[in-house]
Amino acid sequence: MAYVITDSCIKDALCVDVCPVDCIHPKKDEPQFEAATQMYVSPAECIDCGACVPVCTSDSIHPADDVPEDKKEFIEKNAAYFN
Ligand code: SF4
Ligand code: SF4
């Protein structure tokens, strides 16, 4: 399982700074950052630690098995970002 970021993300990158495995992208210094509408979690790299959740002021991050019903499409969208 992994954590999933949804479209309420405001791209302040607070989660990036606390992720111990650096699996949240695009980071501010990556070329994709400007055009991205939100941040994404790499499901292959996320270790499910939950450290990103409390720092997110927009409540955009959820465990994959607890994503709100109307945001389930973002499970696939997070994974697709890294394909
Ligand atoms: S902390 Fe929340 S709002 Fe900020 S970039 Fe991460 S997911 Fe987006
Ligand atoms: S749950 Fe942990 S490893 Fe996964 S994205 Fe959040 S901070 Fe990174």
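User: What share of the contacts in the chain with a separation of 6 or more is accounted for by residues 24 or more positions apart?

Analyst: Such residues account for 75% of these contacts, a contact being two residues whose C-beta atoms, placed from the backbone, lie within 7 Å. The model is predicted: local features need pLDDT of at least 70 and side-chain atom pairs count only at pLDDT 80 or more, whereas totals for chains, interfaces and linings use all residues. Residues are numbered from 1 along each chain as its sequence is written, and chains are lettered from A and ligands numbered from 1 in the order in which they are written.

User: Which residues come nearest to ligand 2?

Analyst: Cys19, Cys46, Cys49, Ala51 and Cys52 come nearest, out of 14 residues around ligand 2; a residue is near if its C-beta atom, placed from the backbone, lies within 6 Å of the molecule.

User: Which residues are closest to ligand 1?

Analyst: Cys9, Asp12, Leu14, Cys15 and Cys56 are the closest of the 14 that surround ligand 1.

User: With which residues is valine 41 in contact, leaving aside its neighbours within four places in sequence?

Analyst: By the contact criterion, valine 41 meets Ala2, Tyr3, Val4, Ile5, Cys23, Ile24, Cys46 and Asn78.
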